[in-house]
Amino acid sequence: MSEQNGEIRIGFYVCHCGHNIANIVDVAAVARYVAGLPHVVVSREYKYMCSDPGQELLRQDIHDHRLNRIVVASCSPLLHEQTFRTATAKAGVNPFYFQMVNIRENVSWVHEDPAEATLKARDLARAAVRRVAAHKALQPKTVSINPDVLVVGGGIAGIHAALTLANAGKKVTLVERAPTIGGHMAMFDKTFPTLDCAACILTPKMSAVKNHPNITLWTYAEVTKVDGFVGNYTVTVKHKPRYVKEDLCVGCLECIDACVYKEAKVPDEFNRGLGKRKPIYIPFPQATPQVVLIDPETCIAVKSGKCKRTCVEKCDRLAIDLDQKESFDEITVGTIILATGFKTFDPKRVSYYGYGRYPNVYISLEAERLINASGPTSGELILRDGRRPKTVGIVHCVGSRDKNTHRWCSRTCCMYSLKLAHLLKEHSGAEVYNFYIDIRAAGKAYEEFYDKLLEENVHFIRGRVAEVTDWAVIPEEEGKLIIRVEDTMIGVVRRIPVDMVVLAVGMEPQSDAQEVRRLFNISCSTEGFFLERHPKLAPVDTFTDGIFIAGACQGPKDIPDSVAQAGAAAAQALMLIDSGEIKLEPNTAYLTEQNCSGCKSCINLCPYHAISYLDDKHRASINEALCKGCGTCVASCPSGAIHQNLFEDEEIYSEIDGLLAERSPESTAV
Amino acid sequence: MKYLYYPGCSLKSTGRPYDESLRAVFAALGIELTELDDWNCCGATAYASIDENQAFGLAARNLAIAEAAVTDGPPTIVAPCSACFLVLTKTQRYFEDYDHVRDGVTRELAAAGLTYRGHVKVRHPLDILIHDVGLPAIAKLVQHQMKGLHVASYYGCQVVRPFATFDDPLYPTSMDAIMRSLGAETVDWPLKTRCCGGSLSGTIKEAGLRLNQHLLVEALRKGSDLVVTCCPLCQFNLECFQKQINKNYDERISLPIMYFTQLMGLAFGIPEKELGIRRLFIDPLPVIGALKGGVPAHV
Amino acid sequence: MSDKPKVGFYWCASCGGCEESIVDLAEDILGVLDAVDIRLWPVAMDFKRSDVEAMADRELAVTFLNGAIRTSEQEEMARILRRKSGLLIAYGSCAHLGGIPGLANQFPREEILRFVYEQSPTTENTEKIRPLTSAEDQGRKTTLPKFFTMVRSLDQIVEVDYYLPGCPPTPKLLLNAVTAILKGELPPKGSVLAPDTALCDECPRRDSKPVDLQIPEFHRPHQVVIDPALCILSQGVVCMGPATRGGCEAACPAGNMPCTGCSGPTSGVADQGAKILSCLAASSSPKEEDEIRRVLEGIPDPVGTFYRYALPTSILRRKRMPAETPQAHQ
Amino acid sequence: MDRQQTSDSSGTWQPKIIAFFCNWCTYTAADLAGVSRMKHDSHFRIIRVMCSGRVDPQFVIDAFARGADGVLIGGCHPGDCHYMEGNYKALRRFHLLSRMLMSMGIEQDRFRLEWISASEGEKVRTVINDMVRRIRALGPLRLPAGLAELDGELKTREEEILHV
């Protein structure tokens with residue numbers, strides 16, 4: 001019953017949204033005003049339009065009043081447009097005969113003067129009423145979903161997402177740019193608050209990834225290009241040369257022993273430079289895959305060719321290939337999960353903490369490696385200068401909660417600092433001081449862990465550390481690092497001499513987060529983490545359909561939260577895959593051929609090559625399957641021959657006219 | 001490279017060696033400094049606490065003259081004295097950021113028949129040397145490598161705080177980098193921006209002397225042969241009270257305190273007469289000349 | 001009196017080119033003369049306003065009116081002819097779109113009068129005498145038409161039945177129109193009697209235009225030697241062809257000059273200038289702000305370039321001149 | 001009633017700004033400003049488009065001609081376009097169009113293009129407040145009313161003309 005004899009019959013509904021709208025906007029006045037506009041048959045106000053009774057009201061009116069156009073003035077269309085379109089369709093009216101007016105985010109929440117807000121709400125409503133009259137019935141475009149999934153990032157979030165999907169029977173490609181998966185978690189010694197050994201709980205999952213029949217694991221690889229759209233992405237992956245044939249290497253490590261470098265001389269990335277490795281190496285013993293690689297910057301053979309190549313000789317599987325070049329693979333997937341993680345704050349930015357100047361100032365990840373049994377000191381707490389610390393100071397909030405660096409709380413530092421305090425004390429018997437602003441221990445069994453630390457006689461000094469210095473004022477300070485801090489509990493400036501300083505560095509976006517988000521066509525929030533579609537209700541979705549985010553790439557997160565998010569992202573992907581298809585906004589461009597002069601102006605404007613030129617007809621032609629609906633060609637067509645569904649010229653003109661049209665006398669008397 | 005030069009009062013009195021050596025070194029580097037015609041007192045830090053409006057007006061007069069003096073490109077003032085640099089920078093910032101300051105300054109200047117549009121850049125010689133000249137150009141001019149000389153760079157507070165326009169506010173390194181390009185070794189000491197007492201030495205003497213004692217003792221403890229600085233007041237405090245510090249606190253300090261431009265000049269082979277070396281109370285030449293590869297005292 | 005349909009030709013603010021274009025029919029004009037009875041043609045024969053006023057309503061089967069409306073007399077004649085004609089046809093760019101005279105809508109009326117009567121280099125008028133709408137001399141009152149504040153197209157004054165586009169319309173379009181009128185095979189009222197596709201469709205250079213055109217620089221026609229075989233736009237010279245209605249058989253590009261837009265936009269476009277602006281800006285290649293500015297400076301006068309014929313019928317119609325109010329008297 | 005004379009309840013003139021916001025960035029940022037309750041001037045009306053590249057210069061001109069005192073286009077930062085390059089097309093059109101508008105007597109401050117990413121709710125507020133302030137300083141544009149006044153010079157009554 002979409003159209004009766006071409007007569008346009010509009011139903012208008014203004015939502016109170018509880019008090020959210022009605023407190024500022026005089027909804028009754030808006031409803032009265034709209035009732036007087038042309039084609040409006042029904043005009044109502046209602047408490048919650050998105051509720052079941054609200055939608056039922058709509059359905060009943062469509063039936064009773066033979067409505068064929070619906071306008072709802074409520075919240076943002078980004079939130080509820082789909083809800084009302086569905087309700088409209090259920091009542092038998094084409095869902096695209098619906099138009100939404102945003103009078104909450106755009107009006108009641110941002111304006112304070114009720115008269116102005118009401119006036120604005122009326123203007124917007126009038127524009128929508130005019131616009132909807134120009135609407136056309138449309139059919140949503142349906143596309144099928146390729147069931148294969150790409151997971152980018154092989155930290156705990158990526159691993160968990162990949163395994164979840166693979167266990168559900170989906171084919172997953174996991175791309176990790178480091179030579180091994182494991183991410184930051186693989187570097188940790190223990191995890192808070194349970195003090196599980198990080199490796200013990202992570203490595204089984206790493207090998208599960210490697211061995212899963214449904215997972216293709218590509219390490220030392222990066223995504224370089226992403227084309228397509230939800231359900232149908234084409235992704236190009238670059239494999240960086242490891243100079244070792246991954247399929248031949250069995251990880252016997254004999255080549256490493258055979259290297260012409262007898263001693264390991266190169267700072268080793270995994271141990272944050274605290275240990276050394278050779279030019280041919282494996283990142284750490286449990287690295288997955290168990291494949292060695294060669295660092296071209298330090299390998300003499302790769303750099304100059306002048307080497308005896310003892311490693312090549314040693315490998316009887318002929319896995320070493322010093323001429324290996326980068327190679328590319330192209331895969332097609334339907335959905336993508338980004339779990340690209342975070343970067344630790346570089347404390348050199350806060351020069352007054354002395355990192356890089358005083359050897360005994362460490363960052364937390366270095367401390368993790370120092371106490372790890374497989375770390376560079378085999379778990380012995382030996383400082384860079386060879387001493388064993390008797391006192392340790394842990395400085396919280398380094399690069400967090402600070403206007404000069406990052407304003408946000410990194411969420412994990414308090415807890416890992418407590419964990420490190422416990423572990424450092426356990427390993428060395430040292431006195432441990434924590435310098436904190438607040439202890440944020442919000443999590444299951446977190447506060448209890450804090451209590452436990454208090455009982456362990458770890459010292460807590462509340463104050464933001466001013467500086468770490470080696471300037472000794474009294475003999476007891478000689479040879480120590482002095483932490484200068486205002487102890488806000490007692491209101492004095494204190495100087496605490498320590499042997500070792502651990503900086504609890506915060507979490508920040510990966511340095512290439514901006515490039516990555518451009519590659520995948522998603523957004524970043526102000527601080528540079530990937531932006532979720534909705535902070536509460538769609539925390540793992542992005543504004544690009546079919547692309548999900550998980551873990552610390554979305555914001556600072558600890559392991560349980562990252563795993564939970566990874567599971568959620570996998571579930572979102574599964575939802576798409578199992579429904580088999582997705583309905584897309586039918587906002588594509590189309591051409592009226594009789595108006596086209598074949599001027600070719602539009603052809604090159606389309607970034608998706610959706611427009612081609614038909615040589616025989618001398619006309620342009622739009623492939624609606626390729627069109628993503630930006631409308632750039634529509635705005636450009638000098639003949640007015642290209643149009644856009646949902647955003648027709650006529651619809652936008654109606655909106656402009658509606659917004660600026662003369663007001664009825666009633667409207668000024670708010 | 002051409003800049004307007006704002007010496008300020010110190011460089012015409014106690015800080016003359018700074019003025020002389022800076023001009024000599026900049027000339028050697030091919031930088032043209034034109035002294036701002038008819039400049040006046042920057043107001044230093046004291047005036048603002050008496051009358052903010054007049055203080056801004058006073059400092060802004062220099063900016064207005066500078067703006068009028070340059071027709072090609074944005075006018076840049078080089079201000080070597082830390083207090084002048086701070087006050088002029090602050091005036092420029094506040095003029096940009098605060099309507100009431102802009103209006104006040106405009107009114108004050110109008111009374112003197114001047115206008116200011118806010119186009120002047122205020123820069124410190126260290127900034128010019130690091131960012132415009134560059135270390136390689138400095139290294140190229142060095143005739144006498146300062147090999148084996150241990151230099152402590154002392155920045156004081158005002159050149160980097162609160163406006164860190166060219167270096168880290170708490171751990172600046174620009175002067176150290178210049179010293180290294182002369183061949184000297186720089187000592188990493190934590191007090192490079194710690195207080196020299198400023199005018200306390202003249203008011204609450206005990207406090208001022210203590211602060212200077214800390215600096216001198218720590219510089220020596222870190223093995224410094226001499227201290228270079230970029231601030232006339234710091235130089236004065238650190239150099240002139242050594243005798244009294246020795247007497248009051250039973251120290252035996254005799255540490256040359258010189259302007260960084262003086263050491264640059266010596267390294268460049270500029271005659272010491274042009275660098276105001278003789279104006280210093282503690283002669284640095286013996287420690288410099290004593291070093292292998294250093295500069296003989298007669299240069 | 002013959003029973004052939006009576007036809008009128010009339011001119012308002014125009015250059016006379018449209019009148020000449022009728023003669024351009026050459027020998028075809030004889031056929032036209034056989035078929036119709038020309039009852040009004042001031043450019044060829046003397047007519048008085050009273051002669052027209054004396055006609056019965058709709059006595060003229062069809063009137064071809066060329067020229068824009070700039071004076072009160074033109075307005076009045078347009079209204080009279082509307083009443084006396086069965087069909088009123090806006091003939092040529094000026095009547096259709098406002099035309100070249102319409103560019104005067106960028107200037108205040110006073111400025112125009114001052115220039116023309118006082119400042120133009122060829123004017124000597126030390127007493128600064130201006131025309132008056134009425135004056136008395138030796139007891140006799142004479143009047144002159146009022147000079148309006150702005151130029152208008154014909155349809156901004158009276159209802160127009162059809163439009164013949166072009167500056168001037170080509171003989172072929174005129175002949176087609178006359179034939180259609182005589183045969184009674186006219187399209188819906190309000191139509192432009194020319195194809196509704198843009199010029200490129202009939203341009204001999206069409207096939208030379210690359211599909212991936214990105215314009216790195218804009219040039220004016222006198223700054224470059226235009227290759228006679230290649231698409232003019234692809235040579236960086238602004239050609240209005242993509243945004244201009246065809247029907248002229250691309251006469252200008254065929255003569256190695258860019259289209260300047262005299263036939264106005266196609267029916268899908270409200271504002272010819274805005275559309276070619278949109279198309280050209282989108283098709284130019286720079287991305288950096290300064291570079292964009294520099295390249296687009298290659299079009300020094302966007303109004304004169306994009307609205308050469310259609311300023312009075314564009315969406316804005318006239319430059320905004322805030323201080324001016326319409327004047328009742330000259 | 002004159003559609004130009006938009007006034008508030010106290011009768012003083014208030015500007016009307018039409019804002020074309022890209023769905024993916026500025027429109028989302030405006031939503032964020034809403035969710036964050038960032039209060040700002042109310043004298044603008046948003047039209048949502050999928051991309052700043054969809055904003056046909058005709059829409060901008062039409063808005064002015066129908067009585068807008070200002071037009072704002074909000075798009076994604078350069079390099080961030082959801083459709084790769086639509087914002088560059090918008091930028092180039094903007095430059096040419098603002099020059100054209102200026103020669104048609106429409107002041108520069110009345111037409112503005114801003115890059116506002118989805119996370120920049122605060123920027124929505126500052127841009128809108130600033131634009132309203134500038135347009136208040138310029139006063140009403142009055143295009144339709146101005147033209148209507150000029151049309152008063154025409155004789156619409158035929159009796160005045162036809163002396164028959």
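Tutor: Let's start with a term: a salt bridge is a side-chain nitrogen of Lys or Arg within 4 Å of a carboxyl oxygen of Asp or Glu. By that rule, chain A and chain D share 7 salt bridges across their interface. Before we go on, this is a predicted model, where local features need pLDDT of at least 70 and side-chain atom pairs count only at pLDDT 80 or more, while totals for chains, interfaces and linings use all residues. Residues are numbered from 1 along each chain as its sequence is written, chains are lettered from A and ligands numbered from 1 in the order in which they are written, and side-chain values use heavy atoms, with hydrogens and water left out.

Student: Which residue forms a salt bridge with D:Arg45?

Tutor: That's A:Asp123, and the closest N and O atoms of the pair are 3.0 Å apart.

Student: Which element of chain A gives the most residues to the side that touches chain D?

Tutor: Helix 17 of chain A, with 8 residues. Helices (H or I, at least four residues) and strands (E, at least two) are DSSP runs, numbered from the N terminus.

Student: How is the size of an interface often given?

Tutor: Often as the accessible area lost when the parts come together. Here, buried area is the accessible area (1.4 Å probe) that two parts lose on being put together, summed over both. For chain A and chain D that is about 4,900 Å², with carbon and sulfur atoms giving 55%. A:Trp109, A:Tyr653 and A:Leu660 supply 14% of what chain A buries there, more than any other three residues. In contacts (heavy atoms within 4.5 Å), chain A takes part with 57 residues and chain D with 56.

Student: What does chain D look like by itself, in order of its elements?

Tutor: From the N terminus on, read β-α-β-α-β-α-β-α-α, made of 5 helices and 4 strands. Of the 164 residues of chain D, 68% count as buried.

Student: Can we try that on one residue? Why does C:Ala35 count as partly exposed?

Tutor: Because its relative accessibility is 24%. C:Ala35 sits in helix 2 (residues 28-35) of chain C. Leaving out residues up to four places away in sequence, C:Ala35 touches C:Lys4, C:Pro5 and C:Leu182.

Student: What about domains: where do they lie in chain B?

Tutor: Domain bounds come from an automatic or database domain assignment. For chain B, the assignment gives domain 1 (36-123) and domain 2 (135-289), with centres 29 Å apart, taken over C-alpha atoms.

Student: How many salt bridges are there between domain 1 and domain 2 of chain B?

Tutor: The count is 0, and 1 residue pair is in polar contact, both at pLDDT 80 or more. The area buried between these two domains of chain B is about 840 Å², and carbon and sulfur atoms give 70% of that. On the domain 1 side, B:Ser82, B:Phe85 and B:Leu86 lose the most area to domain 2, together 56% of what that side buries.

How values were computed:
A polar contact is a pair of N or O atoms within 3.5 Å; within protein, one must be able to donate a hydrogen and the other to accept it, and residues adjacent in sequence count only if both atoms are side-chain atoms. Buried means under 20% relative accessible area, exposed over 50%, partly exposed in between (1.4 Å probe, protein chains only).
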